[in-house]
Amino acid sequence: MDEYPYNEFKFSVNSDDMIEITKTPVKFVPMSETTNHLWKYNEDKILKDIQDYVTGTYKSHYCGQEANYRSIQTIDLMAAKELAANFCQANILKYGSRYGQKDGRNKIDLMKVIHYAMLLLHFDGHYSRTNNGLTEFR
């Protein structure tokens, strides 16, 4: 399977009357190189803040203390029992509804909504990984 999708295909017939296909790949642009002039509402800054927030959560989640279990988070246990998607959806509602109510218009509540939405995308199968760290539970 190709790493990036293609956005253009050209078909031609060669001298042996065989069809040849020329594929032009979609240009991959890393987040750090996105062109801000296309984004009107600070999306580049918001994505950076979200990336920083999510990265920081990996240092603060409740994990096991023993070496073999330090990377296993509570949500991993929920995923093993098929509870993670509902948990994420409930937390989207929780943090979304308390935005503006608890500690005012707290940016961290919105970061949590976005992070739980990202996790829900994963746990509902919109994105997949062959090894998500749960092999010891299966």
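Let's start with Asp 103, which sits in the loop between α3 and α4. A word on those labels: helices (H or I, at least four residues) and strands (E, at least two) are DSSP runs, numbered from the N terminus. What about the phi of Asp 103? It is near 60 degrees, a positive value in a residue other than glycine. Asp 103 is also exposed, with a relative accessible area of 63%. The cut-offs: buried means under 20% relative accessible area, exposed over 50%, partly exposed in between (1.4 Å probe, protein chains only).

Quick background. This is a predicted model, where local features need pLDDT of at least 70, side-chain atom pairs count only at pLDDT 80 or more, and totals for chains, interfaces and linings use all residues. Residues are numbered from 1 along each chain as its sequence is written, and side-chain values use heavy atoms, with hydrogens and water left out.

Next, Glu 82. Where is Glu 82 found? In the loop between α2 (74-80) and α3. Glu 82 is not a glycine, yet its phi is positive, about 60 degrees. At 73% relative accessibility, Glu 82 counts as exposed.

Now the rings. How many aromatic pairs does the structure hold? Two. Rings of Phe, Tyr and Trp (its six-membered ring) pair if their centres lie within 6.5 Å; planes under 30 degrees apart count as stacked, over 60 as edge-to-face and the rest as tilted.

Take Phe 87 and Tyr 116. Their pair is edge-to-face: 5.9 Å centre to centre, with 75 degrees between the planes. Phe 87 lies in helix α3 (residues 84-98) and Tyr 116 in helix α4 (residues 107-123), so this pair ties together parts that are 29 residues apart in sequence. Buried or exposed? Tyr 116 is buried, at a relative accessible area of 17%. Phe 87 counts as partly exposed, at 30% relative accessibility.

On to Tyr 95 and Tyr 116. Tyr 95 lies in helix α3 and Tyr 116 in helix α4, so here the pair ties together parts that are 21 residues apart in sequence. Tyr 95 counts as buried, at 9% relative accessibility.

Which residues do the ring pairs link into a cluster? Phe 87, Tyr 95 and Tyr 116.
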